[in-house]
Amino acid sequence: MNKLFYKDQTLISKDVSQWKAYNSNNNTVVIAGPGSGKTRVLTLKAIKLVQSNIHSPSGLACISYSRETVRELKKRLREYGYQRNQYDFIGTMHGFCLIHILQPFGHLFPEYNVPVPLKIASNELIGQIYNGVISDLGVEFNGISMMDINKQRSLSFIGISEVQIQTDAFHVQASELFEKKLKESGSVDFISMVNISTKMIKEQDYVKKTLEARFPWFLIDEYQDLGKALHEIVLELKNQTGAKIFAVGDMNQSIYGFNGAYPDFLNELDTMSDFESIPLTSNYRSNQDIIEGSIDTLALNPPRLSYDAKKRIGESAELTFITCEAERQQQYDVVAKKIIPKLLEKGIPYKEIGILVGANSFANPEVTEMAAVLKDYKIPFYIVKWTFTNTDIVFWLQDCAQWCLDKSKQSFDGLFKFWHSQLKLHNDSRFLWEEIRQKTLFHEILIGSKNKENVFDWLEFIFNSLELNEMLVDSNRYPDENENLALLLDEAKNKNLKNSKLSRFAYLGEPEDEITVTTRHSSKGLEFEAVIMLGMEEGRFPYTYRVEEGSRQMQEAHRLCYVCISRAKRECILIRSKKITIMTRRGDPWTIDYQPSRFWNILIDRFGNIENTFSSKDY
Amino acid sequence: MKSPFISRVKIKNFRNFLDIDVKLNHKQVLVGENGIGKTNFLRAIQIILDQSFSDFDRELSSSDFNDSIETPIENGEEIKITIEIQNYEHNRQLVAQFEDAVISTNPPTLQINYKYYPIKDEVEKIIRYQYIIYKGINEEKIFRREDRDLLNIKVIGALRDVERELNANKRSPLYKLVKQYNIEQDELKKIAESMKDAAEEILNLDEIRDVKNVIEKKFTTLAGLQQDNTVNLRPYDIDIERLLYTIQVYMGIKERPVAELSLGLANILYVSMMMLLLKDKTVPRILKVEDYKNLLDKEGVEIVTNNYKISVTENNYILKDEINADTNKSLYSFFDRYNYQPHTATILALEEPEAHLHPVLQRLIYREVLHKSESSVIFTTHSPYITSVAPLETIVHGRYEVNQTKMFSTASLKIDEKDKEDIERYLDAKRGEIYFGKGVLLVEGITEEYIIPKVAQLMGTPLEDLGIVVCNIHSTNFKPYVQLLESLGIPWSLITDGDYYELEIKKDKEGKEKSVKHYHRDWLEGTQQNFRGIELMNKMLIDLKICEDKDIPKASFPDQLELLRNNNCHVGFYTFEVDSMANSNEEGLLTFKKVYSEVRSGGEKQQENFDNEIDDRNFWNALKKIDNNISKGRFAQRLSSQLTLEMVPIYIKNGVNGIINKVRANHE
C-alpha cells in the first residue's frame, strides 16, 4: 500500500456505491456502467484483500477477460505498491484453468483425457478437425462456421445455471463431433481446457477443496464476457465452498456473444439472493449528452438506464456526422486529412483521440489500412489490435526490449526465468546446460541486441541468437507461435512497425502521445475525449445478413455501439460511405450501395442538425 | 485431529538402499540390526523435510551412492528419494500449499521428490551434479523453504544431551512451548520490573554495601591516578525474553532440577515436551479477549462461545476440558478457516528412545505414544519393550541383502481383526521377539518350543548363533504370523503336526451322510490316510496365494509334503511325541521311559503302566499318560536335555535345516 493507494481510497470513499463495493465482505456483484470507476474499485479491493484478509498459503484469484486486460490490471496493482507473490493468481480464465486445475489435477483423473504434458491444438489442427466435421456432416463451409461450433461448445456445459440459451440441433451435433475429434487428436484447445476444468471442479470434491483453500476470494472482472463455463464455476464455488466471489461486469457491455458469452449469466448472478448487488451508476468519464446518446443506441425496453455524469457536469456533447461518397479509403483520408487537424486545433491531444474501425481480419484489415494512412500523414498512432496476437512470448519480447532500453524497468532474472522455463517446456537440449552458462549467454545476447537500430533488426537478432523459432517448432503449449512471430516480423519489416525505434515496440502496450486505432470490440475499457467511428453503414454495422431483428445477435450489435459511444468523454465523429466495393467469393469486385447505420440514425435524431452534418468534401 | 504422516518412502541408490519402496503408517517403529541403515532411512527423509538441514547437507556426493554401484558419477547415476504424505486434507493450509504435489485424491496423497542428478552439456558430457527437490510429478514445481515451513520432520538423535537441550535457552523446548502462547508483553514487562525492584533490595544489605566499599578501595589502590573510581553493583539485568528462559522444569515433590534427574526421566521429559511442541495448534488452548471478540461476527462462532470460558484473570478465554471428538472436529474446521497463524505439521522421529529407560517405563510411555498421540512419530529401536506394544501395522523391518538393505513394512498388512488381536497379544506377551529374528521358526506348542532349539544344537548349529527365533504360537493358526513375517521379509519356517485321523462316514436318522474324524488312532497299513495338518497348511498356502489349488498334488501325500516343504511348511505324521517314539530305536524308547520316571508324580505303578504302553508300542496311550500325569510341557522340558538325534522325526530336522539354510543364504 502506498500513497497512491491511500489517495484513491479516499477518492472512492466519497462515492457511496463504490465504497460499499470496496468494503463488501460477502458474495458481491457490481454492475458497473461505463466510466463508473470499476477498475479502480476492483484493484483497490484486491490490494486490501491481499494485505489484510488473505494469508499465505492462500492467495487472491483475480480473473479478467484477455491478456491485455490482465496486463492493465497488473499494471494498476503495481502502481498501488502490489508485489507479485507465488500465492496470488492474476490472469485470464485460460491461465487459471491451466495453472490451477489442469496442471495439478489433470493427471489424477484420466477420465477427462487431459493430455500430460498438456498439448494445445494448433490452428492448423483445429482447421483440419473443422474440415473433418464439415465433410462428415456433408455440408458446405457456409453451412456452419468454426465460430458457430465454438460458440456451441462454450455453451455446452450443463451445470447449475438456469439460463436458457436456444441452441440449434445441427450446431449441437457439429460441436459434439468436433469435441470427439479433438479428443481423439490428443490435444485440447482453449474451449475444451475451460470446459474440462469446469467439469473437474464440479465433479471432483478434492479440486473444489483445493480451490477453496487456495483462494478465499475470487475477483472477476468483465464478468459478462467470460461465458458459461466460468459462470458455472462461480456457482459451484458459491454453493459448495466458502470461497467469496466479487464479480464486476455490465450486461450492457456484453459483446462477445459469438464466443458464447451472454449477458444472461451476469443477470442470473445479479438476481441471486446470496449475492449482494451493487450498481455503480455514476459516470466519471462522459458528459450527460454522451451518456444519453449511448443509451439511445442500446434501444432497450424501459425502464431506461439512469446514469449520471459526475465529472463533466453541465457540459454538452459535440457530434459530427460525415458522409463519404465511396469506399473505406475515403473515410481514412477524411480522418487523417481533416478530422484530426481540426481536433488538434481545438487543443485535443493525440492521446485523447480514438479511431474505432470494424475489424482487423485478413479480409478486412481496417486497422492496418487506417494506420497506413496515418503513417503517410506522419500522425503518431498506437494500435490496440495488431495483426499479431499479444501472446506470452510477445509480451516477454517487449519486456526484453524494455530492459535493453532501461535496465530499471524489468528484472533480468525474471526475463531469464521465463526463457529458461521455455527451454524446459520445449524440451530444448539447452535446458540441460549449466544454468549459469545459459544465463551468461542470454545476458550477452540481450546486451548485444542493444545496438540494433530498429524493431525489425532487433527482433531478427533476438530470434536468431536465441534460436527462438527452432525451439518453437511443434510446440505443445504454443502451437501457433511461429506463425504469430512471423506476423510480428512482417509488421516490423513491411508495415506499421517498419523503421520504428525499439522503444516503440517495447512500449507497444502503453500509448504515449499517440492516436489510438482499434477495432470496436477492442475499444472496451478505453476512453477518449473524442471518438471517431468509421464504417457506420447499415449492413456493415450492424451486420444484417441473415440476422433477424430483435435477435440476440442484433441486441449485441446495439451493445457494441453503446460500448463505442460511451468511450467518448465529450465528442463523437461518425463516418460512413454511400458505396463500398467488396470482393465476391469468386474474386470479382462488387459495389454495393449502403444506407446509414441505424445507430447513425438514432444519434442523428438526438443530435443531428445542419451545423454538424457534412459530406466528406464540404467538411 | 491426527496429523499428516509419511505414507510411503521410495529410495534409489542412496547409501544402504539400492531400490526400496516401503509403505508407512501414522506411527512407525523401525527395527533392524545395527548398521542396517535405520539412520540413513531417516536421513533420506530429512534431506527433503528437515528444516535444520542446510543446502550443503542436501547436496550429496559420490560417497552417498550405494556401494555396489561402481563409479556412479562417471556413469551418470542418479539418487532419488520420494516421499508421500497422507492425512493432511483437514488442514486447509497444506491443501493450498501443496496444490501441485497431489498425486492421488483417493486417499488424498502428496508426493515430494528429491533427485541428485548429472548436468550434461550438448555432447552429453557430465559437467557436474546437482539436486532438485520438487512437488508432485512436475519438476518445475520446486519444493522450497516455505513448503518446509508448513511440513517438516524433526529428528531427535540417539545420542543427545538432554540436559543441555532442556536448558538451552532459546532452543529449549520449554521456552518454545511458552513462546507459542504469545504472552502479553506488558504483563511481562511489569513482572520484569517488579523482579528488578525485588532484586535491588539485595543492594541494601549491609554485607553487600561493605563488599562494594572493599572493591572500590582495592580498585583505587591499584588504579592509582584513575579519575573515576566508583564501582556499582547491580543484580542480574532482567529483560523480558530472559524472563521466559528462566522458567525451568523441576521434578517431583522435592523439585529436583533436570541435572539431577536420571537420564531416562530427563529423556521422557524432553520427548514429552517435543510432542507437545509438535501438536497441531490450530485450535488454540488460550484465546486473548481481543482475538475472541474478533471471532464473534464469524459464521459458526457458537462452537467457540460454547467451548471457551473466561479465565480467572479475565484476560483470556480458555478452552474447556473434556471436548468430545465431534466438537473437536468442528472447532478444528472453524479455526482452520479463521485462525491465520501458520500451523506447521511436523513429523517426529525418535532414534532409540529406549535409551536409559527402565523396561516398564518404556512399555508404559510408548504404548501411550503409539496408540494415542495425534502427532505422527517414527521410532527406530532395538527395544523389544517398544515393539511389543506397537500396533501390528506400524512395524518397518530393515533387512540386509546382497549389497543393500531392503525395507519391509506391515503398513498394508491385511489381517483379520480377531487374528490381529491375537498376534498383538502374543507380541505383547513375547516382547515382540518375532521382529528381532534373522529367521523365525514357527511352532504350534510348548513341546516344540523346548525340543527344537535342542535339535538344532544336536545338529551342530545352535539357533541363537544365527539369530533364529523359535516362536510358539500355541495353535495351528499360522496364517496371520506367516503374513506378518512375509510382509516384513523375515525368513520363516514352520513345523506342525500331521494330525492323522481316521474318517468314518455315518448316516444319521434321516439318512444323511455325516463324516466323523477320529484322531489319536494308529494308522493301519492299507487303510486310507487323512492328515489335518496337511489340509490346514495347504489351505493356508492357497489363502496366502503362495500356491494355487490346482498345484496341490491331491493324489499323493509324499508329493503334498514335498510341496509344503518347498514352501517352508514342515508337517509330521501324528504329533511330535508319537512321531518321535515311532522314530526311536530301543535306546530312544528307553530314554522316554527314563524321562518319564524322572518327572512323574505317582509311584512305581505309574511307571510300569507307561513302560508297558511303550513296550506294546501303544504310543498314543503313552502320550495320554504323559499328558494326564505330568503335562506335555514339563515332559518336553526334561526330554530336551536327554534327546538324541535318532529320536527326532525327519520333518523336525527338515524344518530346522530349512530355516538355517535360508538365514545362511541371506548372509553369505
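1. Conventions. Because this is a predicted model, local features need pLDDT of at least 70 and side-chain atom pairs count only at pLDDT 80 or more, while totals for chains, interfaces and linings use all residues. Residues are numbered from 1 along each chain as its sequence is written, and chains are lettered from A and ligands numbered from 1 in the order in which they are written.

2. Strand β1 of chain A. Buried means 20 or more other C-beta atoms within 10 Å of a residue's own, exposed means 12 or fewer, and partly exposed lies in between, with C-beta atoms placed from the backbone. Thr28(A), Val30(A) and Ala32(A) point to one side of β1(A), and Val29(A) and Ile31(A) to the other. In a regular strand the side chains alternate between the two faces of the sheet.

3. Partners of β1(A). Strands count as paired if DSSP finds at least two bridges between them. β1(A) runs parallel to β6(A), residues 276-280, with five bridges, and Ala32(A) stands opposite Leu280(A) there. With β5(A), residues 244-249, the pairing is also in the parallel sense, over four bridges; in β5(A) the bridge partner of Thr28(A) is Phe246(A).

4. Ile355 of chain A. Ile355(A) belongs to strand β10(A), residues 353-357. Ile355(A) is buried because 29 other C-beta atoms lie within 10 Å. Contact here means C-beta atoms, placed from the backbone, within 7 Å. Not counting residues up to four places away in sequence, Ile355(A) touches Val335(A), Met370(A), Ile515(A), Thr516(A), Val517(A), Ile532(A) and Leu534(A). Ala121(A), 234 residues away along the chain, has its C-alpha atom 34 Å from that of Ile355(A).

5. Nonpolar cores. A nonpolar core is a set of buried Ala, Val, Leu, Ile, Met, Phe, Trp, Tyr and Cys residues joined through C-beta atoms within 7 Å. The largest has 278 residues, and Ile532(A) and Met533(A) touch the most other members. Beyond its neighbours within four places in sequence, Met533(A) contacts Leu356(A), Cys564(A), Cys572(A), Ile573(A), Leu574(A) and Ile575(A). A second, separate core of 22 residues includes Leu397(A), Trp419(A), Phe442(A) and Leu459(A).

6. Domains of chain B. The bounds come from an automatic or database domain assignment. Chain B is given domain 1 (1-159 + 343-431), domain 2 (185-245), domain 3 (437-573 + 649-668) and domain 4 (577-648). The centres of domain 1 and domain 3 of chain B, taken over C-alpha atoms, are 37 Å apart. Their contact takes 14 residues from domain 1 of chain B and eleven residues from domain 3 of chain B. On the domain 1 side, β16 (395-401), β17 (404-409) and α16 (417-429) of chain B give two or more residues, and β16(B) has the largest share, four residues.

7. A parallel sheet in chain B. An open sheet of four strands has the order β19-β18-β20-β23 (chain B), with parallel pairing. β18(B), residues 439-443, is joined to β19(B) by five bridges, with Asn472(B) as the bridge partner of Val443(B). Helix α27(B), residues 650-666, lies across β18, β19, β20 (492-496) and β23 of chain B and runs at about 175° to β20(B). Axes are lines fitted to C-alpha atoms, for helices over the stretch in contact, and angles run from 0 to 180 degrees between N-to-C directions.

8. A hairpin in chain B. β6(B), residues 108-120, and β7(B), residues 126-135, pair in the antiparallel sense over nine bridges. Asn113(B) has Tyr134(B) as its bridge partner in β7(B). Five residues lie between the two strands, and Glu124(B) in the turn has a positive phi of about 60°.

9. Contact between the chains. The contact takes 22 residues from chain A and 23 residues from chain B. In chain A, α5 (93-105), α10 (205-214) and α17 (412-425) give two or more residues to this side, and α10(A) provides the largest share, five residues.

Key:
Two residues are in contact if their C-beta atoms, placed from the backbone, lie within 7 Å.
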